[in-house]
Amino acid sequence: GQRVRVKGPHGFLSTRTPAGANLLPGSRQRVRFGPLPEFRVEVPPGVSPWSELKFAKEDGTEVSVTVPQDAAPGSIFDVLPPALMVQVPQTAMPGDLVVFSADIGLGPLKVTSWCRAPVPAGSRPEEYFPVRVPVPQCIAL
């Protein structure tokens, strides 16, 4: 797609249009800003919406996901990684480290942490890129 400058939630940003998009001056388009799915999950037989599915990743890490409200057995849904979308600052170049704060955890265990991530190759100022956030460690009390 072609590169366009659009108004986003934090001011203007630069992005590429979806491949094959038919853009006309003044037309409205919807673009999803977010990380790519980490998994695609097929709902097993007998599993209903809002059920919890558990499975193990290749490295043995256990993953637990909730079946979406509109999912039925045989349907497929995406599971997104824990990630934030970070905007490339005006003066940053690929390889530069970008420092940002992130709320990590849930509910009363949420903490604000300072994080950093390198600007990916091919990124330009005002574009966004996904950054995986660290999973909080559980502490036994």
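**Notebook: cores, a loop and a pocket**

I began with the largest nonpolar core, which has 13 residues; V86, F100, A102, V119, F129 and V131 have the most contacts inside it. By nonpolar core I mean a set of buried Ala, Val, Leu, Ile, Met, Phe, Trp, Tyr and Cys residues joined through side-chain atoms within 4.5 Å. Buried stands for under 20% relative accessible area, exposed for over 50%, and partly exposed for what is in between (1.4 Å probe, protein chains only).

A note on the source: this is a predicted model, where local features need pLDDT of at least 70 and side-chain atom pairs count only at pLDDT 80 or more, while totals for chains, interfaces and linings use all residues. Residues are numbered from 1 along each chain as its sequence is written, and side-chain values use heavy atoms, with hydrogens and water left out.

**Cores**

Next I looked up where the core of V86 and F100 comes from. β8 (97-104), β9 (111-118) and β10 (128-132) each supply at least two of its residues, and β8 gives the largest share, four residues. Strands are DSSP runs (E, at least two residues), numbered from the N terminus.

For V131 I listed contacts (heavy atoms within 4.5 Å). Beyond neighbours within four places in sequence, V131 meets P82, A83, L84, V86, F100 and A117. I also found a second, separate core of 11 residues, with F39, V43, V63 and V65 among them.

**The loop between β9 and β10**

S123 sits in this loop. S123 counts as buried because its relative accessibility is 14%. A polar atom of its side chain lies 3.1 Å from the backbone oxygen of P120. Not counting residues up to four places away in sequence, S123 touches V88 and P94.

E127 is in the loop between β9 and β10 too. With a relative accessible area of 11%, E127 is buried. I find a polar atom of the E127 side chain 2.9 Å from the backbone nitrogen of R124. Leaving aside neighbours within four places in sequence, E127 is in contact with R3, S14, V86, Q87, V88 and G122.

**Second largest pocket**

Last, I checked the lining of the second largest pocket: 17 residues, of which T15, F33, G34, M85 and Y128 lie nearest its centre. β2 (11-16) and β10 are the elements that give two or more residues to this lining. A pocket here is an open set of points on a 1 Å grid over the protein atoms alone, where a 1.4 Å probe fits, with protein on both sides within 12 Å along at least five of seven lines; lining residues have an atom within 4 Å of a point.

Note on methods: A polar contact is a pair of N or O atoms within 3.5 Å; within protein, one must be able to donate a hydrogen and the other to accept it, and residues adjacent in sequence count only if both atoms are side-chain atoms.
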